[in-house]
Amino acid sequence: MKKAFFSFLALGASLMSPLTVAASNDGAMLWVEAESFADKGGWVVDQQYMDIMGSPYLMAHGIGTPVADAQTSVEIPAKGKYYVYARTYNWTSPWYDGKGPGKFRVAVNGKNVGGIVGDTGSKWGWQKVGAVNLNAGETKIALKDITGFNGRCDAVVLSTDSNLNLPDGGEELKKIRRTALGKDGVQPKVEKYDFVVVGGGIAGMCAAVTAARNGLKTALVNDRPVLGGNNSAEVRVHLGGNIELGPNKGLGRMIREFGHERKGNAKPAEFYEDDKKEAWILSEPNITLYSNCHAVGVTMEGNNIKGVTIENIENAEEFLLEAPFFSDCTGDGTIGYLAEADYRMGREARSEFNESLAPEVADSLVMGTSIQWYSEKAPNGKAKKFPEFVYGIVFNDSTCEPLKKGEWKWETGMNLNQITEAERVRDYGMAVALANWSYLKNGMKQTPDAVKDRDLAWMGFIGGKRESRRLLGDYILKQDDIDKNVSHEDASFTTSWSIDLHFPDSVNSKHFPGREYKAATIHRYIYPYAVPYRCLYSRNIGNLFMAGRNISTTHVGMGTTRVMRTTGMMGEVVGMAASLAYKRHTTPRGVYQKYLTELKEMMQAGAGKPTDGLPDNQHYNVQKHLPAPRAFTADPATRPE
């Protein structure tokens with residue numbers, strides 16, 4: 001068995017304070033990062049919140065069925081008595097004061113140590129597991145899930161100190177972690193490229209391939225093991241929007257090369273064809289794919305980004321990627337934020353951009369995150385018994401949802417910060433789905449016929465996020481542009497989706513005020529609109545492009561640009577502009593000011609290969625719903641499925 005990534009620290013009798021590590025020969029500490037376990041069993045690596053809680057972690061995502069053990073081996077330097085500590089989180093604590101469902105045990109050399117952990121406390125922190133006598137040499141450590149209900153472990157520490165006092169989080173823990181992992185003073189390996197794209201969703205994929213096909217040595221950074229973002233089998237949202245629309249009909253054709261052929265949200269994994277996406281990227285000789293790598297920092301030269309530091313989410317190896325140009329395709333605008341780019345979150349006031357769909361007063365409300373799930377008919381018609389899940393979210397016969405699946409409408413966190421509170425947002429989406437299913441199976445006198453013979457088959461743990469930061473460019477797309485079909489000289493990709501702004505479902509709000517978990521929308525159809533190129537680069541960071549849901553729009557404007565075929569076309573434009581900027585020795589803004597004609601020619605040609613016979617699989621027929629190219633009409637319409 002491979003060894004996990006671990007390190008020893010010499011310690012004194014204790015860590016006297018969170019700020020002090022006393023070095024002596026009195027003891028030793030073995031630090032083992034859970035995400036680096038050699039055999040993860042059924043546990044999954046979750047990196048979504050490492051910027052907030054400090055690290056990726058392992059999670060037992062078994063939707064009620066205990067998962068296989070995560071195991072690894074380490075070297076014990078000397079015989080002795082070792083005390084075992086685990087950094088963990090009782091994830092239902094925001095809604096329930098009692099012991100939570102995320103129970104697990106730590107085993108050493110096949111024997112459980114101490115008691116159960118993961119079910120107490122109200123924040124990420126260290127729990128003392130127990131003590132074990134060990135001989136020098138190889139020792140095996142295992143995480144043993146008990147419930148299948150999302151127990152989580154960040155790190156395991158073995159120490160000869162019986163009262164080890166480690167900080168629960170923050171900068172103090174970050175410093176100790178770096179020291180424990182031997183990273184103090186170690187500089188990341190520097191790799192140089194012509195163009196660095198951070199974010200491996202549809203926008204980032206298209207940006208990287210377009211730049212590569214135009215001759216740029218390109219790095220593509222993706223912080224998950226699969227590409228596609230919300231369109232991956234981890235989230236399972238199908239591709240929305242339309243491609244190859246005027247004035248630049250070449251844009252979007254490349255999506256035919258990797259796009260899935262079957263539509264639908266919350267479908268079996270094979271619907272989303274992740275292997276096709278990976279093969280598409282790996283077939284490009286000018287692309288280096290950094291899979292499982294998360295951006296953790298930037299270095300600056302004036303108002304330009306010099307490099308982006310990325311960290312492997314399993315072994316903590318760091319790289320510094322340097323380039324003359326970067327594109328933020330992270331969705332959350334992470335690179336822009338780290339570089340101090342101008343950005344916004346939430347909804348603008350109606351008066352600021354004269355938007356009739358905006359609120360009277362600006363606020364922080366955003367579209368939420370979906371945790372999708374579905375059930376399947378039991379093979380023999382007899383569904384398995386589902387464990388009771390009652391952790392502060394109470395259903396009754398009137399409020400439960402007798403659904404076979406939950407897809408985009410299963411949406412949480414619209415009134416929370418989708419970055420700093422993202423783990424809570426995701427966890428609530430899982431908790432309400434589990435609690436609802438548990439009530440259908442265990443709480444009602446008679447299970448509804450709709451789900452009686454069905455088992456809960458799949459639930460996402462990667463949040464399908466819609467909105468957070470929007471980086472500001474030289475132009476901010478607003479409702480007026482779309483309503484009046486305003487023409488811009490730098491018209492680029494065409495958005496065809498309706499102005500689709502999700503809001504809390506009114507019935508769900510009545511039953512769960514302030515804790516909604518379902519969304520509704522009104523689809524206000526638009527005439528296909530070509531968005532200005534100036535929305536695709538930062539107004540104050542000189543070499544930063546952006547593509548995806550984090551481009552320069554208002555909240556209302558974003559309602560029509562955020563779907564994934566549309567974001568793919570954004571990426572294509574960014575890849576073209578980056579190649580022009582590189583070859584002409586100019587900036588993203590300089591492309592607009594001096595080389596717009598060349599960019600237009602590239603957009604009209606497109607970067608896709610000939611794709612005769614390959615389907616577009618359009619989500620809906622845009623021609624069927626086109627209003628006249630005139631001012632917006634307030635009559636709502638509902639998109640047919």
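In which sense do E12 and strand E18 pair, and over how many bridges?

Mentor: This is a predicted model, in which local features need pLDDT of at least 70 and side-chain atom pairs count only at pLDDT 80 or more, while totals for chains, interfaces and linings use all residues. Residues are numbered from 1 along each chain as its sequence is written, and side-chain values use heavy atoms, with hydrogens and water left out.

E12 and strand E18 (residues 318-322) pair in the parallel sense, over four bridges. Strands (E, at least two residues) and helices (H or I, at least four) are DSSP runs numbered from the N terminus, and two strands pair if DSSP finds at least two bridges between them. Within this pairing, lysine 192 has glutamate 322 of E18 as its bridge partner.

The sheet around this pair is open and has four strands in the order E12-E18-E17-E16, with mixed pairing. Its edges are E12 (189-192) and E16 (293-301), each of which pairs on one side only. On average, neighbouring strands of this sheet are turned by 25 degrees against each other, direction ignored; the axes are lines fitted to C-alpha atoms, and angles run from 0 to 180 degrees between N-to-C directions.

Another pairing, this one antiparallel, joins strand E22 (residues 373-377) to E25 by five bridges. Here glutamate 376 stands opposite aspartate 455 of E25. Of the six residues in E25 (454-459), five are buried, where buried means under 20% relative accessible area, exposed over 50% and partly exposed in between (1.4 Å probe, protein chains only).

Glutamate 423, in helix H8 (residues 422-443), has a relative accessible area of 11% and is therefore buried. Its side chain makes a polar contact of 2.8 Å with the side chain of tyrosine 57. A polar contact is a pair of N or O atoms within 3.5 Å; within protein, one must be able to donate a hydrogen and the other to accept it, and residues adjacent in sequence count only if both atoms are side-chain atoms. Neighbours within four places in sequence aside, glutamate 423 is in contact (heavy atoms within 4.5 Å) with Tyr49, Tyr57, Tyr89, Trp124 and Arg152.

Glutamate 340 is a loop residue between helix H6 (334-338) and strand E20 (343-344). Its phi is near 65 degrees, a positive value in a residue other than glycine. Glutamate 340 counts as exposed because its relative accessibility is 65%.
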